[in-house]
Amino acid sequence: MKKVKVNENCISCGACTAICDEVFTFNDEMVAEAIPENNNFEKMNDSLKDKVLEALEGCPASAIEIVEVNDCDCDECHCEGCSCE
Ligand code: SF4
């Protein structure tokens, strides 16, 4: 499955959360992250996918990725055995 993630390049500019707050939020350290319950790209409707892609293309730090996650059927990022860390 494909999941949305924010990598360590995030500069906390806020563009992604402004474009798509259904998927992106800021964590306690004020770094953007994809909301674990909403980061499954394949489960999104077309409208939401378009917003995620708009955020990805507009990210000034190339910090947003859509990654293929193998052997992981969970709805959480960073769980044991999950390769989306
Ligand atoms: S648009 Fe990119 S750099 Fe800006 S907050 Fe989102 S992930 Fe971080």
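Start with the contacts that span the protein chain: of those between residues at least 6 apart in sequence, 61% join residues at least 24 apart. Two residues are in contact here if their C-beta atoms, placed from the backbone, lie within 7 Å. Keep in mind that this is a predicted model, where local features need pLDDT of at least 70, side-chain atom pairs count only at pLDDT 80 or more, and totals for chains, interfaces and linings use all residues. To find your way, count residues from 1 along each chain as its sequence is written.

**Colour by secondary structure**

You will find two helices and four strands in the protein chain. Follow them from the N terminus and the order is β-α-β-β-α-β. Helices (H or I, at least four residues) and strands (E, at least two) are DSSP runs, numbered from the N terminus.

**Step inside**

Next, look for buried residues, which make up 24% of the 85 residues in the protein chain. A residue is buried if 20 or more other C-beta atoms lie within 10 Å of its own, exposed if 12 or fewer, and partly exposed in between, with C-beta atoms placed from the backbone.

Now select Cys16, Phe24, Ala55 and Ile64: these have the most contacts inside the largest nonpolar core, a group of 15 residues. β1 (2-6), β3 and α2 each supply at least two residues of this core. Such a core is a set of buried Ala, Val, Leu, Ile, Met, Phe, Trp, Tyr and Cys residues joined through C-beta atoms within 7 Å.

Stay on Phe24 for a moment. Leaving aside residues up to four places away in sequence, Phe24 touches Cys16, Thr17, Ala32, Ala34 and Ala55.

**Visit the loops**

Select Met30, in the loop between β2 (24-26) and β3. Met30 is not a glycine, yet has a positive phi of about 60 degrees. Met30 counts as exposed because it has 9 C-beta neighbours inside 10 Å.

Move on to Glu37, in the loop between β3 (32-34) and α2 (46-58). Glu37 has 10 C-beta neighbours inside 10 Å, so it counts as exposed.

Then try Ser62, in the loop between α2 and β4 (64-68). Ser62 also is not a glycine and has a positive phi of about 50 degrees. With 11 C-beta neighbours inside 10 Å, Ser62 counts as exposed.
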